[in-house]
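I opened this notebook to record what I looked up in one model, topic by topic.

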Amino acid sequence: MASDSIATVDLERCQPDRCNYECIDYCPPNRTGKDCILARSERYDEDEPFDGEPDQVWISEEICLGETCGICVQKCPFDAIEILNLPQELDEEPTHRYGDNAFALYGLPMPESGTVTGLLGPNGIGKSTAVKALAGEITPNLGRIGDPPDWEAVIDEYRGTALQDYLVAVRDGDVTVSRKPQYIDRIPDQFSGTARELLAATDERGELESIADRLSVTPVLDQAVESLSGGELQRVAIAAALLRDADFYFLDEITPYLDITQRIAVARLVRELAEEEDRAVLVVEHDLAVLDLLADNLHVAYGEPSVFGVITPPKPVRNGINEYLDGYLENENMRVRPEAIEFESHAPRPVSNADVLVEYPDLEKSYGDGEFSLSVDGGVVHQNEVLGIVGPNGIGKSTFAKLLAGRLEPDSGSVDLDLDIAYKPQYVEANQHIPVETFLRDISTDVGSSYWQTEIGDPLSLGDIMDQLLVDLSGGERQRVAIAATLSRDADLYLLDEPSAHLDVEQRVLATRAIRRYAENHETTVMVIDHDIYVIDLLADRLLVFDGEPAERGHASPAMNMREGMNTFLENLSVTFRRDERMGRPRINKPGSQLDRQQRRDGEYYYTG
C-alpha cells in the first residue's frame, strides 16, 4: 500500500464464524499468491501476543493496493474493514496507533498554562487518545507497533516544538491531571454516596462550598448521587474535576443537560481557573456558542472516526469553528467535509388554523411538602407541528412531558389523552445484550425497509452500528438509536427529551434534520425538550416556555410563536444571542458588550443579525 493509506479491521465486527472469508478470497494480491489478507493465527507466531481472535483477519498495509481497490471493504458482510487514503498533506508518522490495522492518531493538542484550549471534532476521532497521551496514561508509540519507543524517543520526535517541555514534564511525573468524564450517567454506578461525599473526596483545593455555590449544586449536596437529575449530576461532575489541584484539566463535554445560564456559569468558572490560577485547561465541546465564549484557541480534529484522526495546530477560536463548519481548513489546505454545515433557521409553519391534537387543562403537580411543584396553564398542541420546550433545568419540563405521556399523575387537572405517545427520556438506557437491529425490529416491522432506511436509518447514520450490541454503544450512538426507536413507533405524539445530548456537531445537525423531516413527511406532532439553542431554532414551530425557581417551583405558559417565545425565554435567562456574520451560527453576546446592551434595550434577545 502507498504510504498515504491506512487499513483498519474493526475486531468487534469481524465475525469469521459467520462469513466465508470473502475478504481473503477476493483480494487481488492474495489471488497472485501474496499474503495480503490472512487469518491472525497465520500472521503471528504461536507465542506472540496479538489483539483479536486467531480466526479474525489481518491486512498487510505494505502489500494492500489501498483505497483504489477496496474489494475487501465491499465484500465484508459486517462492514469490519476500512481502507482509506490519508490526506496528502500529512507527511508525518502517527503519534499513536493501537495496533496492526487499528486506529491511528496524528498530532496532539498543546496544553498551555493560563489558557483554555478547545478541541472540536466528531466523536471517535481520537480526542480521548490525545488526552491519555498528555496525561501520561499511555506512551505515544509513534506508530511503531512491534518496537514501541520509550519516552526519550518520543521527546526526541517532538524536540524543538511547543510540546517538548510539556512531554518532558509528563515523562518526569511532574504533570497532574484532573478529568471530567464524557458520560456522567455512569457516575452513580461507580459511587453510591451523596454529592457532598463525592465532592469532599476530590476537594484538594479546599473550595467545595465556593464552587458548589458558583455551580448552584449547594441545594443537592446532601442528596444521593443516584437521585440527581441530569443537569445536577453534570454540575457535580464538573465541580469534582475543578476541585482537584492539578496542572492540566481535561473537561469532556460540559454542556449536556445544562441550560444556557448554567453553561455560561461553568464557562466563567473554567476561564477563571485558567487565567487567575494559571492552569492549563483542555475542553472538548459540541455547543459552538459556549466553545466560542470559553476557549482562547482551538484545535480541530478531523479524519475518519474509528480509522484515523488528525489534530491540527491551534487556531483562533472563531476562525477554527468557522473553518470546521465550512468543511475547509485553510492553513492545512484540507477539505474535511464535502459541504458546509449551514446554520439557517427554518421558517416555522403557521398553526393558527391547524387542527388541535391535544387540549390540556390547567395542571398542578407537587412532589411533596417543601419539594418541587409545577403549575401548567392550559393550552393546546396542534397536529403536524414541532413544539419546542425550553426553560432552565429543574423547572419541570420533563415532569410536564411525563404528565402528558401518562408516566405521572397530576395532583389537579386531568390528563386523559386518547393518544398513542412515543417517549424518549432524558437518560438513555442501553443494558440489553442484543444487536441494535434486533432491538429496533422488536419495535417496528418496518425497520430495514427502504422506507424506514430513507426516513430514519440513513438520516441518523445507523448503518454502521446495526450489528453492534446495545451495551457496547457509545453515548452518542445510544442517543441516535433512542431517537430512531422513538420515531419507529406508531404514535400520535412524539416526545423527545434532550435528543442532542452527547451528539457531536455533525450528528446534531443530522438528527435535527431527521426529526424535522419525519414530522413534516408524516404530518405528525413532535415535542422536543433541549438546551441547544440551534437545535430548538432549527426544529420548532412554536415554543412552550417554562419559568419559575429551579428545584422549587415551575410554571409553563401557553405556547407562543418562535420570536415571542425565544425573546421571553432568553430575557428570563438574561442572555442575548447574535448570528456569526460569516456562517450564521449562534454566538452568545459577551455580557455588557455594546451589542448585548443594544439588544436588551430593543427587547430583541435573539439573533438580530
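The entries below cover conventions, cores, a central strand, a threonine and salt bridges.

**Conventions.** I note that the model is predicted, that local features need pLDDT of at least 70, that side-chain atom pairs count only at pLDDT 80 or more, and that totals for chains, interfaces and linings use all residues. Residues are numbered from 1 along each chain as its sequence is written, and side-chain values use heavy atoms, with hydrogens and water left out.

**Nonpolar cores.** I looked up the cores, each a set of buried Ala, Val, Leu, Ile, Met, Phe, Trp, Tyr and Cys residues joined through side-chain atoms within 4.5 Å. Buried here means under 20% relative accessible area, exposed over 50%, and partly exposed in between, with a 1.4 Å probe and protein chains only. The largest nonpolar core has 55 residues, and Leu440 and Phe577 touch the most other members. At least three residues of this core come from each of domain 3 (360-561) and domain 4 (574-608); the domain bounds come from an automatic or database domain assignment. Another core, of 40 residues, lies apart from it and includes Ile187, Leu198, Leu208 and Ile254. As background, nonpolar side chains tend to be buried together in soluble globular proteins.

**Strand 10.** Five of its five residues are buried, so strand 10 is largely enclosed by the rest of the structure. Ala280, Leu282 and Val284 point one way, while Val281 and Val283 point the other way.

**Thr399.** I located Thr399 in helix 15 (residues 397-405). Thr399 counts as buried because its relative accessibility is 10%. Leaving out residues up to four places away in sequence, Thr399 touches Lys365, Tyr367, Leu374 and Leu408, contact being heavy atoms within 4.5 Å.

**Salt bridges.** I found 36 salt bridges in the structure, each a side-chain nitrogen of Lys or Arg within 4 Å of a carboxyl oxygen of Asp or Glu. Asp292 and Arg587 meet at 2.4 Å, N to O. This pair links distant parts of the chain, with Asp292 in helix 13 (residues 288-294) and Arg587 in strand 28 (residues 586-588), 295 residues apart. Both Asp292 and Arg587 are buried. They belong to a network of salt bridges that links Asp292, Arg318, Asp580, Glu581, Arg585 and Arg587.

I also checked Arg337 and Glu506, whose closest N and O atoms are 3.4 Å apart in a salt bridge. Arg337 lies in the loop between strand 15 (334-335) and strand 16 (356-360) and Glu506 in helix 19 (residues 505-522), so the pair ties together parts 169 residues apart in sequence.

Methods. Helices (H or I, at least four residues) and strands (E, at least two) are DSSP runs, numbered from the N terminus.
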